[in-house]
Amino acid sequence: MDERQLRVLRELGELGSVTAAAEALRVTPSAVSQQLRLLQRSVPVPLTEREGRRLVLTPAGEALAAAAIGVETALARARRSVEEFVGQADGLVTLAAFHSAAATFWPHLVRALAAPGSPRLALADEDVAQNGFPPLTRDHDIVLAHRLDHAAPWPRTVSVTPLLHEPLDVALPAGHPLAARARLTPRDVAGEPWITVHDGFPLMATIDALSAAAGRRLRLAHRINEFAVVAEVVAAGGGIALMPRWTVRPHPRVVLRPLTGVHARRHVDALHRPERTARTAVGSVLGHLRSAAAAISSRNAPPAQAE
């Protein structure tokens, strides 16, 4: 067996089909099948089996796919030794992030890594549903992702570096009657028109929990994913919304109020494949992300100041 064959087996286990694995590896399905056949010849027990029209891993295949992570990590560490020997700490690091995290963290990274000899950055914004973040680690060294407290954890196929545990507040126009209150309950806000994200995106679970706590369905007036646009619509009187407390730029005509009676927080995490962090440049960028997150958390001004 070799590294390529183990990578094919790992991708098949994660993606669930030869076609999907071939697309992820940018090869043909026949090339994937050939690598699987070569790998099977070196193992005395079946690694795959048919499940309808799909090819899936057997328990032995799953065990070997899990071991493949360790193999790739060890190989990446070996390459890191070479990089350190020749002083290549300025390697290219590719990052993806959802919009509010990108607006918060990218400027910090650009400023912090401007000096010669620092890692070089390739930044991309990605607006995807929660289950769309882990697959992005195939194309990017680091992916900034978010999920709610009660949402499913990230899959074991990716490593997680926690950055923020951020409160979600109710965003109101500055002159709204509810803005005079220090805190709001689900019943306070259930009768208002709401601006929320599209189905499948993390904040919808909190909207559903808020509706359940209020004992009535909320009126979802607008579906907007970009918080900067949401703030403008809230300021114009188009409705109220849930807004992250720390990672959205304050709007002069919008106030934030904490929500009681519903657990409203989200995790902002850096996702990465284990072998990627063996690179010096990637580890350096992760360190800067942690420093930025610590600075953001320490500011933590009261929500009444519309932070």
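Predicted model: local features only at pLDDT ≥ 70, side-chain atom pairs only at ≥ 80, totals over all residues.
Where is Arg-26 placed? Numbering runs from 1 along each chain as its sequence is written, and side-chain values use heavy atoms, with hydrogens and water left out.

**View 1. Arg-26 sits in the loop between α2 (18-25) and α3 (29-41).** Helices here are DSSP runs of H or I with at least four residues, strands are runs of E with at least two, and both are numbered from the N terminus. Phi of Arg-26 is near 60°, a positive value in a residue other than glycine. Arg-26 is also exposed, at a relative accessible area of 67% (exposed is over 50%, buried is under 20%, partly exposed is in between, using a 1.4 Å probe and protein chains only).

**View 2. Helix α1 covers residues 3-15.** Its 13 residues should span 18 Å, and its end C-alpha atoms are 18 Å apart, so the two agree; the expected span is 1.5 Å times one less than the number of residues. At the start of α1, a side-chain oxygen of Asp-2 comes to within 3.1 Å of the backbone nitrogen of Arg-4. Just after the helix, Gly-16 has a positive phi of about 85°. The buried residues of α1 include Leu-6, Val-8, Leu-9 and Leu-12, and also Arg-10 and Glu-11.

**View 3. The largest pocket holds about 500 Å³ of space.** On a 1 Å grid over the protein atoms alone, a pocket is an open set of points where a 1.4 Å probe fits, with protein on both sides within 12 Å along at least five of seven lines; lining residues have an atom within 4 Å of a point. Grid points are joined across faces, edges and corners, and the volume is the space filled by probe spheres set on them. Of the 23 lining residues, Ala-103, Thr-104, Thr-247, Val-248 and Arg-249 lie nearest the centre. α5 (99-112), α9 (227-235) and α10 (280-299) each supply at least two lining residues, and α5 gives the most, with 7.

**View 4. The second largest pocket has a volume of about 350 Å³.** Among its 14 lining residues, Gly-13, Glu-14, Glu-62, Ala-65 and Thr-157 are the closest to its centre. Helix α1 returns here: along with β2 (54-57) and α4 (59-85), α1 gives two or more residues to this lining.

Technical notes:
Polar contact = N/O pair within 3.5 Å; in protein donor to acceptor, adjacent residues only side chain to side chain.
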